[in-house]
Amino acid sequence: MTTDRTTRRITVDYLARVEGEGSLDLHIEGDRVTAARLGIFEPPRFFEAFLRGRGFAETPDIVARICGICPVAYQMSAVHALENAFGVRVEGPLRALRRLLYCGEWIESHALHVVMLHAPDFLGYPDAIRMAAEHGERVRGALALKKAGNSIIRLLGGREIHPVNVRVGGFYRVPSRAELMPLAEQLGRARESAVELVRWVAGFAFPRIERDYEFVALRHPHEYPLNEGRLVSSRGLDIDIADYESEFEECQVPHSTALHSLLKRRGAYLVGPLARYALNFDRLPEGIQALAREVGLGPVCRNPFQSIVVRALEVLYACEEALAIIAAYQPPAVAAVPVEPRAATGFGCTEAPRGTLWHRYEVAADGALADARIVPPTSQNQPSIEADLEAVATPILDQPEAFIRQRCELAIRNYDPCISCSTHFLRLALHRT
Amino acid sequence: MKRLLVLALGNPDRGDDGLGPAVAARLRGRLPAGVALRLCAGDVLELIEEWAGVDVLLCVDASAAQGEPGRIRRLDLAADGLVPEPALASSHGFGLAEALGLARALGLAPPRIVVHAVEGCHFAAGAPLSAEVAAAVDEVAERMLAEVAGFRRPAGDAAAP
């Protein structure tokens with residue numbers, strides 16, 4: 001950290017309580033923030049290149065390895081993209097089971113972030129362990145929620161980390177009704193914990209800030225979006241997911257190994273809980289809408305610090321949705337519908353806990369992947385994170401630097417950024433004369 | 001009689017990380033009645049609630065490579081005064097040390113916690129145990145059985161190990 005009277009630079013070399021390796025760099029001149037950068041220095045991971053030449057059936061298990069927290073999201077976007085390429089629709093109980101699996105991931109990922117990684121910021125603790133001594137009940141509630149989410153993933157996915165039971169066309173094995181029933185008991189208790197969680201986090205003191213985001217999320221005719229929908233935005237975008245590349249572009253910036261994603265002609269946009277919530281509030285059950293209002297949240301929330309409340313509401317939604325799916329479940333006749341590969345391009349877009357996760361695959365006639373493109377949510381949110389940093393820091397520039405730094409770190413954790421997911425290959429250009 | 005839980009940590013498909021499951025395989029069927037054996041290859045945080053009421057937690061796990069593969073260490077967190085330094089740097093960072101730290105904060109940590117650790121050297125996906133770690137499996141299992149027997153001895157008969 002360096003300081004002089006007119007020019008200051010505040011840096012955090014290694015961000016804590018986020019997934020992956022990132023840094024923060026804030027340049028200040030007088031009373032103005034001149035640059036706010038989320039540095040991502042984690043090495044590129046080459047997943048898109050790994051996929052080329054591999055059989056389509058391997059894809060769900062390879063992409064699951066991109067993230068230990070949201071492997072289901074990668075599997076779901078992948079299987080939908082490949083089924084789209086092969087002209088296959090997965091309906092009925094198989095579709096419901098996929099939705100149930102995704103609920104498990106939302107529950108465990110959001111509960112972990114809300115209580116163990118984000119709440120300590122608002123309550124002034126350095127980490128969840130120190131917080132647990134005084135907020136033990138909340139931490140135990142979060143552990144129970146996480147366990148419930150893990151249980152869903154373990155049953156449907158074979159194991160809780162990097163599940164192995166998802167395939168193009170459905171699953172390798174589907175559960176019986178009797179196997180699902182213990183989950184219902186666990187989820188019933190988890191649902192109560194989720195209600196308490198919403199009320200608890202809604203009572204935190206939030207910095208006052210409203211950001212004029214362009215929200216982007218999936219929107220489905222009937223459901224709060226998980227696996228399907230059109231891509232819509234708060235400024236009129238409404239496209240089929242296949243048209244993503246005509247509206248969005250990725251670009252390289254020097255300080256990040258993750259590509260920045262922008263809306264063509266408009267720039268930064270926001271994906272994730274705040275966007276899903278604002279664009280799909282009417283798709284939430286009435287009880288959850290009422291709870292949101294009761295805790296002071298309207299149908300649109302533009303304060304990034306209150307994303308913790310929206311995440312908690314989404315935990316509650318995922319518990320209720322999972323319970324409804326289990327109650328209605330009748331095992332399908334087959335664990336997977338038949339799939340015939342063909343030369344085609346397919347698109348998949350689902351709502352990972354951190355936001356829209358878009359996949360495109362080109363498949364050859366023999367079923368091998370010719371090309372793959374994966375656009376994860378943290379990559380898409382980078383420009384918004386940097387704009388948030390500027391907006392958050394500007395009104396507090398007269399405060400001590402430790403305070404500014406802490407507030408900016410908190411602003412980054414609002415996104416629950418998954419840096420490891422977001423890193424892409426750096427383009428290397430050689431100029432010879 | 002003290003309530004004992006033996007916890008074997010590790011992923012059998014990740015080279016030397018399979019130490020815990022390998023030791024558990026040696027212990028299975030040889031532990032006295034009433035001593036529970038639990039394996040964990042995933043989320044350690046899930047186990048914390050199960051530790052309530054446990055008097056002695058005996059853990060076995062592979063430790064990070066430090067140049068002496070196969071070296072066996074025994075850490076008595078009460079006797080040695082060792083408190084794991086929680087390092088919640090990342091959302092993937094909830095290991096045994098963090099789980100024990102969290103259990104302590106929640107009042108769920110067993111009064112005695114002993115960790116048997118064997119230093120690994122290879123943790124590649126799909127790899128078997130290295131020769132050095134494989135050679136330590138029987139020794140660790142015997143030490144743990146002796147430790148279980150010591151803790152199960154009636155008070156006053158002999159000091160716990």
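Q: How are helix 4 and helix 6 of chain A oriented to each other, roughly parallel or roughly antiparallel?

A: Two packed helices are described by the angle between their axes and the distance between the axes. In this predicted model, the axes of helix 4 (residues 92-123) and helix 6 (residues 136-157) of chain A cross at roughly 155° and come within 8 Å. Helix 4 and helix 6 of chain A are therefore roughly antiparallel; the cut-off is over 145 degrees, with angles running from 0 to 180 degrees between N-to-C directions. Helices are DSSP runs (H or I, at least four residues); strands are E runs of at least two.

Q: Which residues of helix 4 of chain A meet helix 6 of chain A?

A: Contact means heavy atoms within 4.5 Å. Among them are A:Leu97, A:Gly104, A:Ala111 and A:Met116. Partners in helix 6 of chain A include A:Ala142, A:Gly149 and A:Ile153.

Q: How many bridges join strand 7 of chain A to strand 8 of chain A?

A: Strands pair if DSSP finds at least two bridges between them. Here four bridges join strand 7 (residues 216-219) to strand 8 (residues 230-233) of chain A, running antiparallel. A:Leu218 stands opposite A:Leu231.

Q: Which residue takes a positive phi in the hairpin of strand 8 and strand 9 of chain A?

A: A:Gly236, near 100°, with four residues between the strands. Two bridges join strand 8 of chain A to strand 9 (residues 238-239).

Q: Is A:Ile374 buried or exposed?

A: Buried means under 20% relative accessible area (1.4 Å probe, protein chains only); exposed means over 50%. A:Ile374 has 4% relative accessibility, so A:Ile374 counts as buried. A:Ile374 lies in strand 14 (residues 369-375) of chain A.

Notes. Residues numbered from 1 in each chain as written. Chains lettered and ligands numbered in written order. Predicted model: local features only at pLDDT ≥ 70, side-chain atom pairs only at ≥ 80, totals over all residues. Heavy atoms only, no water. Parallel < 35°, antiparallel > 145°, perpendicular 65-115°, else oblique.
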